[in-house]
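Please look over the chain shown below before reading on. The briefing that follows begins with the chain as a whole and then turns to single residues and elements.

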Amino acid sequence: MKHRDVGSTVDAELHWRPAPLAFLLAGCAAAALVLAVLLGKGQLVVFAAPLLGVLVTAPWQQTSTRVQLDGGGTVRCFESEEVVLAVAAYVEHGHALLRLKPECPAGLELRIAAANESGHAPAGLHLALTARRWGRYPVSVRVSALSPAGLAIATVVLPAGQLFVYPITDPQPMRVPHTDLPERLGTHLTRRHGPGVEYADIRAYAPGDQLRSVNWAVSARRGRLYVTERLTNRSADVVVLVDTSQQAPGPATDSLELSVRGAAQVVQSTLQAGDRTAVVCLGRAPRWLRPDIGRRQFYRIIDTVLGVGDEHVPTTGTLAPHAAVPPGAIVVAFSTLLDTQFALALIDLRKRGHTVVAVDVLRGAPFREDLDSVLARMWQLERAAMYRDMGAVGVDIVAWPQGARLDQVLRMLPEHRRSRRVRR
């Protein structure tokens with residue numbers, strides 16, 4: 001997948017400084033004058049005069065000059081996928097010879113795929129970008145300008161574009177928790193009778209039943225009309241809740257990696273099943289995206305998780321907005337469960353009648369140094385007590401251990417839970 005938005009244009013005014021050639025001419029002229037004084041030879045003064053004349057004209061060459069950089073705008077791709085970003089620089093006002101040099105941020109592999117020079121674009125580059133990890137990568141270039149006489153030089157760093165890298169998720173389908181699904185055609189098999197393909201039961205014919213549902217074999221044996229009832233297939237509303245609050249140092253700093261990948265995997269699985277999917281990010285810069293279906297929704301959700309784009313809705317507070325969570329939606333949360341406000345948001349969603357599942361992405365204790373065995377055991381007991389207390393109010397929590405797939409983790413959810421409204 002490669003997606004490119006409209007390119008961006010930035011301009012800047014250059015601030016000149018002496019070029020190496022100016023220092024070289026000044027050094028040669030100074031050496032000639034010193035030797036002329038020491039040796040008493042006037043020929044050396046004649047030799048230094050042209051050099052001094054060129055240096056005198058240097059301030060007049062540092063005129064007001066503006067350069068314009070046409071960048072590649074926003075480029076989106078998946079991890080380990082190579083995308084080409086075209087950058088070109090122009091002299092908007094004045095005269096200068098331009099050169100471009102890319103500035104590579106950490107985590108981004110960059111190579112120059114091609115360089116173009118023409119009368120219309122004094123400097124241009126085609127940058128081949130590759131990132132091994134999802135995230136946002138700003139791409140900048142250093143523009144070096146040389147005056148026509150070569151006595152003044154200026155450099156400026158300008159933004160050339162943005163690279164948004166999407167995570168590659170595991171294609172394993174996710175198990176949706178049992179709940180009362182809305183009256184909407186989908187792919188999830190329910191126990192309710194209605195239009196479908198799975199056999200449910202046989203009952204006597206009633207006025208109003210369609211003739212195509214008549215089971216003629218059974219009707220012939222029993223001497224009266226019987227119809228076949230089938231189980232319905234419905235779709236669900238799924239809301240992915242991501243904890244973006246500030247975390248403690250240690251293993252908690254790696255939890256964002258699991259949260260983003262887990263959220264992307266749930267979103268991909270639910271959208272492929274035809275379910276409406278939304279996302280809510282709570283913590284730093286709270287935001288949410290309306291539920292929708294389709295492949296485009298996957299990219300909207302990832303943009304919302306990464307905090308880019310303009311399709312999500314910024315919000316305030318620590319609770320999920322009512323407009324972001326449709327009635328009867330299934331909430332799948334990814335969090336370290338270290339922030340009390342996020343736990344209260346989960347309890348609030350359960351009180352609204354939603355089925356809430358929390359995936360604990362914290363592996364280990366949130367401390368830098370190794371804990372004593374007694375303290376480590378106390379930490380485990382505290383987490384187990386927290387799991388029990390959250391389960392008592394209807395919020396199921398499952399841990400995501402090392403080496404386990406997310407679909408395997410979600411299969412550990414209890415099946416006795418049903419969507420029921422909890423009284424306040």
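Among contacts in the chain between residues at least 6 apart in sequence, 73% join residues at least 24 apart, where a contact means heavy atoms within 4.5 Å. This is a predicted model, in which local features need pLDDT of at least 70 and side-chain atom pairs count only at pLDDT 80 or more, while totals for chains, interfaces and linings use all residues. Residues are numbered from 1 along each chain as its sequence is written, and side-chain values use heavy atoms, with hydrogens and water left out.

**The chain as a whole**

- The chain holds 9 helices and 20 strands; helices (H or I, at least four residues) and strands (E, at least two) are DSSP runs, numbered from the N terminus.
- Of the 424 residues in the chain, 44% are buried, where buried means under 20% relative accessible area, exposed means over 50%, and partly exposed lies in between, with a 1.4 Å probe and protein chains only.
- Searching the whole structure gives 0 disulfides, a disulfide being a pair of cysteine sulfur atoms within 2.5 Å.
- Cys-77 is buried, with a relative accessible area of 1%, whereas Cys-28 counts as partly exposed because its relative accessibility is 36%.

**Aromatic rings**

- Rings of Phe, Tyr and Trp (for Trp, its six-membered ring) pair if their centres lie within 6.5 Å, and planes under 30 degrees apart count as stacked, over 60 as edge-to-face and the rest as tilted; by this rule there are 4 aromatic pairs.
- Phe-78 and Tyr-299 form a tilted pair, 6.4 Å from centre to centre and with 55° between the planes.
- Because Phe-78 lies in strand β5 (residues 73–78) and Tyr-299 in helix α6 (residues 295–306), this pair ties together parts that are 221 residues apart in sequence, and both Phe-78 and Tyr-299 are buried.
- The rings of Tyr-166 and Tyr-299 count as stacked, because their centres are 5.5 Å apart and their planes are at 20°.
- Tyr-166 belongs to strand β11 (residues 152–166) and Tyr-299 to helix α6, so this pair joins parts that are 133 residues apart in sequence; both Tyr-166 and Tyr-299 are buried.
- Phe-78, Tyr-166, Phe-298 and Tyr-299 are linked by ring pairs into a cluster.

**Charges over rings**

- A charge sits over a ring if NZ of Lys or CZ of Arg is within 6 Å of the ring centre and within 35 degrees of the ring normal; Arg-133 lies over the face of Trp-134 in this way, at 4.4 Å from the ring centre.
- The charged end of Arg-222 sits over the ring of Tyr-226, at 4.8 Å from its centre.

**Tyr-137 in strand β10**

- Tyr-137 is part of strand β10 (residues 135–146), and it counts as buried because its relative accessibility is 8%.
- Leaving out residues up to four places away in sequence, Tyr-137 touches several residues, among them Ala-106, Leu-108, Gly-161 and Val-165.
- The side chain of Tyr-137 reaches the backbone oxygen of Arg-133 at 2.8 Å; a polar contact is a pair of N or O atoms within 3.5 Å, and within protein one must be able to donate a hydrogen and the other to accept it, while residues adjacent in sequence count only if both atoms are side-chain atoms.

- The 12 residues of helix α7 (residues 340–351) should span 16 Å at 1.5 Å a residue, and the end C-alpha atoms are 17 Å apart, which agrees; the expected span is 1.5 Å times one less than the number of residues.
- At the start of α7, a side-chain oxygen of Asp-339 comes to within 3.2 Å of the backbone nitrogen of Gln-341.
- The buried residues of α7 include Phe-342, Leu-346 and Leu-349, and their cover includes β14 (237–244), β19 (355–360) and α8.
- Arg-383 is found in helix α8 (residues 373–392) and is buried, with a relative accessible area of 11%.

**Positive phi values**

- Most residues other than glycine have a negative phi.
- Ser-80 has a positive phi near 65°; this residue is in the loop between β5 and β6 (83–93) and counts as partly exposed, at 43% relative accessibility.
- Ala-285 has a positive phi near 55°; this residue is in the loop between β15 and β16 (287–292) and counts as exposed, at 54% relative accessibility.
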